[in-house]
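Let's take a walk through this model together, going from its overall division to the details inside. Have the structure open as you read.

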Amino acid sequence: MKFDTPATENPIDRLKVVGKPTDRIEGPLKTSGTAAYAYERHDAAPNQAYGYIVGAAIAKGRISSMDIAAAKAAPGVLTVVTAASAGMLAKGDFNTAKLLGGPDIEHYHQAVALVVAESFEQARAAAALVRVQYDRAKGQFDLAKSLDGAIKPPASFGTEADSRFGDFDAAFASAPVKLDARYTTPDHSHAMMEPHASIANWDGDRLTLWTSNQMIDWSVGDVAKTLGIPKEKVRLVSPYIGGGFGGKLFVRADAILAALGAKATGRPVKVALQRPLIINNTTHRPATIQRIRLGGTTDGKLTAIGHESWSGDLKGGGPETAVGQTRLLYAAAHRMTAMRLSVLDLPEGNAMRAPGEAPGLMALEIAIDEMAEKLGIDPVALRILNDTQVDPEKPERRFSQRRLNECLTLGAEKFGWKDRNPKPGQTRDGRWLVGTGVAAAFRNNINGNSAARVRLERSGKIVVETDMTDIGTGSYTIIAQTAAEMMGVPLDQVEVRLGDSRFPVSAGSGGQWGANSSTAGVYAACVKLRTAIAEKLGLAPADAVFEKGEVRAGGKSVALTKASVDGDLVAEDMIEFGDLAEKMQQSTFGAHFVEAAVDSYTGEIRIRRMLAVCAAGRILNPKAARSQVIGAMTMGAGAALMEELAVDKRFGFFVNHDLAGYEVPVHADIPHQEVIFLDEVDPTTSPMKAKGVGELGICGVAAAVANAVYHATGIRVRDYPVTLDKLIGRLPEIA
Ligand code: MOS
């Protein structure tokens with residue numbers, strides 16, 4: 001089904017099932033421990049052997065010698081896979097470095113060997129016997145020191161490195177009120193609960209991987225490319241994923257090395273990346289240095305907006321696209337943005353939890369707060385004043401929906417913003433300094449072609465199959481809701497099967513495109529199935545109504561199961577997105593409000609309450625969406641206050657490479673969170689009229705926290721995370 005005109009009224013609009021707060025249909029499986037994650041697929045193939053990865057101990061250079069004799073001779077060991085034994089491996093389209101290094105080493109903890117043994121403990125013990133000698137080469141590990149060599153990166157996914165509109169330099173120079181400030185965000189790690197894990201099994205020349213992966217079709221392609229086998233020979237199965245956050249968009253070493261180990265031993269091999277290996281072995285969100293210049297009139301109209309961002313990656317990698325939102329968020333007649341990229345020899349950078357906008361807004365939304373203070377205008381009012389209903393750099397393009405101002409206004413009202421003392425450092429609660437902060441949320445909406453197969457079985461059960469994944473987001477449930485709505489059956493009559501490359505290719509889970517795209521694909525397949533059913537029943541498809549297990553048309557009413565008495569009816573289709581998204585700017589908007597308290601003696605920061613107001617099209621399942629946004633707000637709190645990969649700038653690796661050293665927030669860190677969705681439909685996105693919402697929830701949060709800390713203390717921290725060492729010694733005198 002082509003989608004290239006705005007959606008008209010359709011069966012989804014009845015909202016009997018879609019749009020209702022609905023529990024996860026796979027929830028009982030997960031809470032009872034019976035949803036088998038990749039490493040737990042003991043049923044997948046008999047006689048599984050265990051792999052343990054050896055990571056490189058240098059960041060850059062070469063292996064000069066490698067002695068695997070002792071490891072090979074250790075008890076239970078079946079084989080040791082190295083680059084020397086595996087032969088030349090190609091690099092996948094989505095990998096910047098090779099997944100099996102040697103003799104050249106491209107980053108610290110790049111895999112250099114896989115030890116396969118009868119048990120996990122035997123594999124681990126033998127891995128400690130692998131002796132590797134290295135010739136270490138000099139690398140660049142310091143972003144701040146690399147800026148002179150930074151280049152303008154080529155456009156990626158249609159995003160140019162630079163944008164210019166009007167005459168920024170002149171407008172900024174002559175602006176009566178100016179801000180010119182530098183912000184930094186550190187390297188971040190996804191830190192998902194489930195490690196990257198795979199079980200590989202060969203049946204002749206056919207490879208099956210039970211794995212944990214967000215993007216099945218991309219990854220089938222990359223497994224095939226890396227191993228040099230045809231794509232049709234590879235099957236990926238990934239029905240449950242214990243968190244991805246962008247870290248599982250791509251194939252990683254667990255999958256490739258499991259496949260190589262299985263090939264070498266003739267047995268199924270399972271590999272989970274060891275937790276202390278994950279952070280340097282896989283991808284991370286790259287650190288940024290950002291310069292923001294804002295110019296405005298004394299009455300608060302922005303006239304000049306400039307945003308530059310520097311980040312680094314391995315050779316061949318890309319920039320953190322931290323200036324994207326600045327091209328679209330606020331009006332100003334004169335504008336410039338630029339991204340610059342350094343070659344760094346740290347592990348591979350890539351997408352994590354709203355790449356681009358999340359770190360970009362960490363800087364921009366502090367800058368807006370600073371500008372509001374310079375102007376003496378309330379920060380909510382300043383944002384509202386500079387709203388735009390068109391793309392400020394392409395004024396002929398309107399936003400399909402843009403209700404940022406309503407998010408801000410409603411949020412301010414619900415949060416009690418009007419009682420706020422505009423002066424920072426004024427509110428005390430015993431030993432605590434208390435403050436509130438606000439930030440706008442912005443994330444683009446992306447749609448991707450997505451296919452599904454829907455079957456009406458004799459029993460009346462509806463079965464949906466698509467290679468869409470559920471990374472903890474609720475895909476199973478919203479897909480079931482969509483099929484139930486379309487076919488007029490109760491939710492428990494729908495079975496959803498996901499995450500298998502044997503199913504039709506979906507948009508997958510990434511960039512918050514999954515919910516709208518994949519349900520639209522299911523919608524398309526259901527439209528076809530409805531036609532097939534109506535025809536089978538001799539009813540006119542155009543006016544057939546599917547409701548309560550019946551099909552009604554032309555005054556007749558027939559049980560749905562009548563259509564499948566002779567056997568299952570199956571339909572498959574793909575939603576194909578035309579150029580509607582090019583004609584109109586599709587984005588999601590929100591506002592985050594945070595109350596924070598800072599201990600006036602110790603500088604300890606506690607978040608007291610958080611509120612998000614989101615405008616993201618139709619909300620398919622308010623319960624699942626709320627959970628998404630609450631999780632995202634929590635990640636934003638982590639980015640604000642805790643998360644930071646510490647770079648060893650001498651040897652080039654992330655030092656705190658486990659969950660003890662890399663801190664993320666827990667429930668006790670955030671006592672109160674509230675989420676409000678504006679009642680919205682956007683017919684330009686798909687027949688579902690929905691948009692992504694998960695990543696919107698993280699965008700802007702960290703700045704709202706930083707702004708609240710500023711409001712509490714009067715101390716402006718521009719280098720994340722905002723930790724007590726950056727406050728202590730600058731806290732106001734205690735009376
Ligand atoms: Mo997302 S960071 O595109 O999984």
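The chain of this predicted model splits into domain 1, covering 11–35 + 448–576, and domain 2, covering 376–446 + 583–726. Their C-alpha centres are 34 Å apart. On the contact itself, domain 1 contributes 27 residues and domain 2 contributes 25 residues. Together the two domains bury about 2,000 Å², with 54% of that on carbon and sulfur atoms. On the domain 1 side, D13, Q512 and N516 give up the most area to domain 2, together 34% of what that side buries. Three salt bridges are found across this interface.

Now for the interior. As a general matter, nonpolar side chains in soluble globular proteins tend to be buried together. Here, the largest nonpolar core has 89 residues, and L329 and F593 have the most contacts inside it. Helix α9 (residues 357–375) is the main contributor, giving eleven residues to this core. If you click on L329, you will find that its contacts include L361, L364, R402, F442 and F589. Another core of 51 residues lies apart from this one, and M468, V489, Y523 and A544 are among its members.

Finally, have a look at helix α6 (residues 216–227). Buried residues in α6 include I216, V220, V223 and L227, along with D222. Among the elements covering the buried residues of α6 are strands β10 (197–203) and β11 (206–211), as well as helix α7 (253–265). Just past the end of α6, G228 adopts a positive phi of about 70°.

Note on methods: Residues are numbered from 1 along each chain as its sequence is written. This is a predicted model: local features need pLDDT of at least 70, side-chain atom pairs count only at pLDDT 80 or more; totals for chains, interfaces and linings use all residues. Side-chain values use heavy atoms; hydrogens and water are left out. A nonpolar core is a set of buried Ala, Val, Leu, Ile, Met, Phe, Trp, Tyr and Cys residues joined through side-chain atoms within 4.5 Å. Buried means under 20% relative accessible area, exposed over 50%, partly exposed in between (1.4 Å probe, protein chains only). Helices (H or I, at least four residues) and strands (E, at least two) are DSSP runs, numbered from the N terminus. Contact means heavy atoms within 4.5 Å. Domain bounds come from an automatic or database domain assignment. Buried area is the accessible area (1.4 Å probe) that two parts lose on being put together, summed over both. A salt bridge is a side-chain nitrogen of Lys or Arg within 4 Å of a carboxyl oxygen of Asp or Glu. Lists of a residue's contacts leave out its neighbours within four places in sequence.
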